[in-house]
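Please find below my notes on this structure, as numbered points. They are meant for a colleague who has not looked at it before.

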Amino acid sequence: MRTTGSQLLGIVIVLVGVAFLLANFGLLDLDWRSFWPLVLVALGVALVLGGATSRAGEASEVRVPRGPTAVELDLTAGAGRFKLRGGATALFELASGDDDVRWSTDRAGDRGRIRVRQEGRWAPWQWRGRPTEWQMGLASDVPAALDLTIGAGQLDVDLIDIRLIGARLSLGAASGSLRLPRPVGDVRIELTLGAASLRLGVPAGVQARVTSSGGLLSISGERETAGWAGAADRVTVAVSGGASSVRIEPA
């Protein structure tokens, strides 16, 4: 396994911490207060574990080549503006305004899995005073399952050109829009909302039904299209959450 900078720094800090611990036990001639070694060891272990995460890279651009005949996108981000569309030439594409993308891929048979995480900008020199922006695309001709978790910010997801198998979306303090796909079969989308405001767009000709659970959840608009019950190709959207609002509208 290739040693990254974070791993190397972590190893150094662990060794320094161990040296101070040995000094505390009288095995080395070092003079330091006992709590500092524990802090150093803890920081080092955290850095080593973080650096050892399996990934393809940390970057501002991601391009996953074609190959799998189906794909699962597992994405978690803290805050920013996030846009997802179909029509990508590659299997998956992402462009970010910052170097805040950690990603990895694996494959089980003909199905590929893409895991994307947003790197937190916790240090003062990493803060740029503006929200990050991610522009993402999936191939339109490859069946896709989505698992998206967004903490805060703005979300703009258009599924009309994505061959959706199913989706789970979890939004915290976020707002934005979700345009439903043209389904093949019975497609289920699960929405879990915290304090979110979402526009749910139903394209012409798409048969859709929206169900809800949650005492403080507000849903407006037509919850079920006229032909949903008898349709072979249809979308079911199950919404749950807290103090959130969903507005269903034509798209």
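1. A search of the whole structure, which is a predicted model, turns up one aromatic pair. Its members are Phe 82 and Trp 134: the ring centres are 5.3 Å apart and the planes stand at 90°, so the pair counts as edge-to-face; the cut-off for that class is over 60 degrees.

2. Where do the two rings sit in the chain? Phe 82 belongs to strand β3 (residues 70-85) and Trp 134 to strand β7 (residues 133-138), so the pair ties together parts 52 residues apart in sequence. Phe 82 is buried, with a relative accessible area of 2%. Trp 134 is also buried, and its relative accessible area is 0%.

3. Strand β3 also holds Gly 80. With a relative accessible area of 6%, Gly 80 is buried. Leaving aside neighbours within four places in sequence, Gly 80 has contacts with Pro 131, Thr 132, Ala 152, Gly 153 and Gln 154. From Gly 80 to Ala 152 the C-alpha distance is 6.7 Å, although 72 residues separate them in sequence.

4. Another ring has a charge for a partner. The charged end of Arg 234 sits over the ring of Trp 228, at 3.9 Å from the ring centre.

5. Which residues touch the most other members of the largest nonpolar core? They are Phe 92, Val 116 and Ile 189, in a core of 53 residues.

6. Strand β11 (residues 197-202) pairs with strand β9 (residues 164-179) in the parallel sense, over five bridges. In this pairing Arg 179 stands opposite Gly 201 of β11. Strand β11 also runs parallel to strand β15 (residues 245-250), and six bridges join them. There, Arg 199 is opposite Arg 247 of β15.

7. Confidence needs a word. The protein chain has an average pLDDT of 82, and 72% of the residues score at least 70. Over residues 32-36 the pLDDT is below 50, and this stretch has five contacts in the model beyond near neighbours in sequence. Residues 46-57 also have a pLDDT below 50; beyond near neighbours in sequence, that stretch has 24 contacts in the model. Where pLDDT is low, predicted coordinates should not be read in detail.

Terms used: Residues numbered from 1 in each chain as written. Predicted model: local features only at pLDDT ≥ 70, side-chain atom pairs only at ≥ 80, totals over all residues. Heavy atoms only, no water. Pairing = 2+ DSSP bridges. Helix = DSSP H or I, 4+ residues; strand = E, 2+ residues; numbered from the N terminus. Phe/Tyr/Trp six-rings, centres within 6.5 Å; stacked < 30°, edge-to-face > 60°. Buried < 20%, exposed > 50% of the residue type's maximum accessible area, 1.4 Å probe, protein only. Lys NZ or Arg CZ within 6 Å of the ring centre and 35° of its normal. pLDDT = per-residue confidence, 0-100. Contact = heavy atoms within 4.5 Å. Core = buried A, V, L, I, M, F, W, Y, C linked by side-chain atoms within 4.5 Å.
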